[in-house]
Amino acid sequence: MLDITLLRKDLTAVVAGLEKRKSPQPYLDVEAFSALEAERKTLQTRTEELQAQRNALNKQIGPRKAKGEPVDALMAEVNALKAEQETSAQRLEQIQPELQALLLAVPNLPHESVPVGVDEKNNVEVRRWSPQGGLGATASALGFTPKDHVDLGAPLGLDFEIGAKLAGARFTFMKGAAARLHRALAQFMVDWQTQRHGYTECYVPYIVNGETLRGTGQLPKFEADLFAARKGGQDGEEMPDLSALYLIPTSEVPLTNVVRGEVLNESALPIRLTAHTPCFRSEAGSAGRDTRGMIRQHQFDKVEMVQIVHPQKSPEALEEMTRHAEAILQALELPYRVVLLCTGDMGFGAVQTYDLEVWLPAQQAYREISSVSNCAAFQARRLQARFKNAQGKNELVHTLNGSGLAVGRALVAVLENHQREDGAIAIPPALRPYLGGLEVLRA
């Protein structure tokens, strides 16, 4: 959530910053905000005036009583002022949540270094990497016509038909070699992030309440993208009320909410957390895109990285987390590029975002496999996540999140980049210990 002080001081500058983002309509209802702010100021001023008048009149009542003079008229005036003051105070209490409701729908302001643009076409490539020798020496030269992961995965146990039978479109069923490779990738990623990069492994709830999702910005704006739990029961069985609970779209949500309502010691920063979880997304509005295979699923696994840091350290932490995600791709010998997202392609809560895009030979294209974002104080303000600074004052922390990596897409990339002409899959050396030393994966 944006700092309301920014809007009060320079609403024009805030609107100009928001207009850099892509939107079919304004992010902020300026007219409604201005009207509420004007009413708030008027009521606040009037409330202070009424209190001053009550104080002045109350000072007169005592001396008049002591002299035996009548005070009924003064008492009536004080009571009238009190009634008006209470009415004003009640309206002020109503205005605060109305202002907050407006702000909850407003995205973060892009950092000044973010390129201005409408969509992914305006993103800026920062760097690209390919293995030198070994598996997948370049981003395109396999020496034969590559198969895509659907065809490669079928003999290994990657089954989209059973997934659709069990749950519907965009669900995957894996067995045998495919399931083993998927598990190995997740374990490898968690070990790498904890043992090499200093993250603490966590196990989190896969279902969270609305307050948790509001804290990281998924609610109220993106409720359509969430899977909501529903109350149920059979034969009169008592069931908990799940109507306000949701399946997590990413473990960023529970991990970041760990510090909700907390005042941390400055010495506790930075906090680095990671978790391997399934993620559940309805993918509202994405019909027709990437419907073949595992690129866009309603349920997928991800190893998430979250950092809670001192405000002065968040730009540095963003670069560090991007390198942490890159390290996984390099260890798996997967060609990739790093892209700085433009204002129109950046997420709701981010001030700056890097996407890592892995090369997929069958598509002859780079596809996103990780997104690393600095949210600055945007989430922390919603969460009221603070630390006590060197001056002893409470200050909002900065929060960052990133994929380290999306497990399903990593499986896709390993299959396609490390395929052999006979359909076997060469296993990168770093991953072999997680597959019992296996060097080649076959049906």
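This is a predicted model: local features need pLDDT of at least 70, side-chain atom pairs count only at pLDDT 80 or more; totals for chains, interfaces and linings use all residues.
Let us start at a ring: Arg 196 sits over the face of Trp 192, 3.7 Å from the ring centre. Ring pairs join Trp 192 with Phe 188 and Tyr 434 in a cluster. So Trp 192 has a part in two kinds of contact, because Arg 196 lies over its face and ring pairs link it to Phe 188 and Tyr 434, with pairing requiring centres within 6.5 Å.

From here we can turn to the other aromatic pairs. The count comes to seven aromatic pairs, taking ring centres within 6.5 Å as the rule. One of them is formed by Phe 222 and Phe 348, with 5.2 Å from centre to centre and 85 degrees between the planes. That angle makes the pair edge-to-face, because planes over 60 degrees apart fall in that class.

Trp 359 and Tyr 366 give another edge-to-face pair, with centres 5.0 Å apart and planes at 65 degrees. Here both Trp 359 and Tyr 366 are buried.

Now step back to the helices. Helix α3 (residues 30-67) packs with helix α4 (residues 72-104) at an angle of about 155 degrees, and their axes are 8 Å apart. Because angles over 145 degrees count as roughly antiparallel, that is how α3 and α4 run relative to each other. The crossing of α3 past α4 is left-handed. Sorted by class, the residues in this contact are 15 nonpolar, nine polar and eleven charged.

Finally, follow the backbone itself, where a few peptide bonds and phi angles deserve a look. Leu 269 and Pro 270 are joined by a cis peptide bond, with omega about 0 degrees. Pro 270 lies in the loop between β7 (263-265) and β8 (271-280). Another cis peptide bond runs from Gly 404 to Leu 405, and its omega is near 15 degrees. Leu 405 is found in strand β15 (residues 398-406).

Positive phi values turn up in residues other than glycine as well. Glu 333, in the loop between α10 and β10, has a phi near 55 degrees. Glu 333 is buried, with a relative accessible area of 16%. Ala 376 has a positive phi of about 50 degrees and sits in the loop between β12 (365-374) and α11 (378-383). Ala 376 is buried too, since its relative accessible area is 16% and the limit for buried is under 20%.

Note on methods: Residues are numbered from 1 along each chain as its sequence is written. Side-chain values use heavy atoms; hydrogens and water are left out. Rings of Phe, Tyr and Trp (its six-membered ring) pair if their centres lie within 6.5 Å; planes under 30 degrees apart count as stacked, over 60 as edge-to-face and the rest as tilted. Buried means under 20% relative accessible area, exposed over 50%, partly exposed in between (1.4 Å probe, protein chains only). A charge sits over a ring if NZ of Lys or CZ of Arg is within 6 Å of the ring centre and within 35 degrees of the ring normal. Axes are lines fitted to C-alpha atoms, for helices over the stretch in contact, and angles run from 0 to 180 degrees between N-to-C directions. Helices (H or I, at least four residues) and strands (E, at least two) are DSSP runs, numbered from the N terminus. Angles under 35 degrees count as roughly parallel, over 145 as roughly antiparallel, 65 to 115 as roughly perpendicular and the rest as oblique. A crossing is left-handed if the near helix is turned anticlockwise from the far one by less than a right angle, and right-handed if clockwise. Ala, Val, Leu, Ile, Met, Phe, Trp, Tyr, Cys and Pro count as nonpolar, Asp, Glu, Lys and Arg as charged, and the others, Gly among them, as polar.
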